[in-house]
Amino acid sequence: MTSSPARNRRADARRSRAAILDAAVRVLNARPDAGMGAVATAAGVTRQTVYAHFPTRERLLSGVLDHLTAATVAEMDAADLDTGPAAEALLRLLDAGARTAGRHPVLMRALAALPADPDGDAERHTEVADRLRRVVRRGRRTGEFDDRLPVDWLVAVIITLSHTASEERDAGRLSAAEADEALRTTLLRLLGADGS
């Protein structure tokens, strides 16, 4: 049985898109101002192919952000969020997110400087928020976490504090270790998991 030409074209397009995004992550992490031509060369495709998938640099950067978000979610899923104490699961989840961002520090700073995209940001945070929500609810069921504040409020605060820790680290106001410790301490206190 042979594949249809249309199916082969779709598979080729998916491979090209994946190659472009992988190359963009590598190239833009080394040189955030690199152009579409440099990404095309690194991906082994033509500039026209890059533009066919990403008509503008902004669309490419948005695609890269989606690509890195998917990698972060996959790493979070590998952190086994349903075992052990909920506080430890939450910290594993945060560590997984930090590992992904830590592999691409220059690129992450460039992506953070993009104009605000409330709809896109909300969509990107959905999968992360779902995992956070699962851990917070489990911690509340087991009595590890305080149940006085709404779960969705806690999830929003966790995401915001995580971004704040990254910003403080990137600005040089806190070292990486200080930012991580401040985030952990704040979140455990917020959730009532620090014994206070």
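Reader: Which relative accessible areas count as buried, exposed and partly exposed?
Author: Areas are taken with a 1.4 Å probe on protein chains only. Buried means under 20% relative accessible area, exposed means over 50%, and the range in between is partly exposed.

Reader: What kind of model is this, and what pLDDT do local features need?
Author: Residues are numbered from 1 along each chain as its sequence is written, and side-chain values use heavy atoms, with hydrogens and water left out. This is a predicted model in which totals for chains, interfaces and linings use all residues, side-chain atom pairs count only at pLDDT 80 or more, and local features need pLDDT of at least 70.

Reader: Is asparagine 29 buried or exposed?
Author: Asparagine 29 is found in helix 1, residues 5-30; helices (H or I, at least four residues) and strands (E, at least two) are DSSP runs numbered from the N terminus. Its relative accessible area is 17%, so asparagine 29 is buried.

Reader: Which residues does asparagine 29 touch, not counting those up to four places away in sequence?
Author: Contact means heavy atoms within 4.5 Å. A polar atom of the asparagine 29 side chain lies 3.0 Å from the backbone nitrogen of leucine 107. With residues up to four places away in sequence left out, asparagine 29 touches Ala24, Arg103, His104, Pro105, Val106 and Leu107.

Reader: Why is helix 8 described as roughly antiparallel to helix 9?
Author: Axes are lines fitted to C-alpha atoms, for helices over the stretch in contact, and angles run from 0 to 180 degrees between N-to-C directions. Angles under 35 degrees count as roughly parallel, over 145 as roughly antiparallel, 65 to 115 as roughly perpendicular and the rest as oblique. Helix 8 (residues 151-170) and helix 9 (residues 176-190) pack with axes 9 Å apart, at an angle of about 165°. That angle makes the pair roughly antiparallel.

Reader: How many nonpolar, polar and charged residues does the contact of helix 8 with helix 9 have?
Author: Ala, Val, Leu, Ile, Met, Phe, Trp, Tyr, Cys and Pro count as nonpolar, Asp, Glu, Lys and Arg as charged, and the others, Gly among them, as polar. The contact includes Leu154 and Arg169 of helix 8 and Asp180 and Leu190 of helix 9. By class there are ten nonpolar, two polar and two charged residues.

Reader: How many helices and strands does the protein have?
Author: Along the sequence the pattern is α-α-α-α-α-α-α-α-α. The secondary structure comes to nine helices and zero strands.

Reader: What percentage of the residues count as buried?
Author: The C-alpha atoms fill a box of roughly 60 × 50 × 25 Å along the principal axes. Of the 196 residues, the part that counts as buried is 35%.

Definitions and conventions:
Polar contact = N/O pair within 3.5 Å; in protein donor to acceptor, adjacent residues only side chain to side chain.
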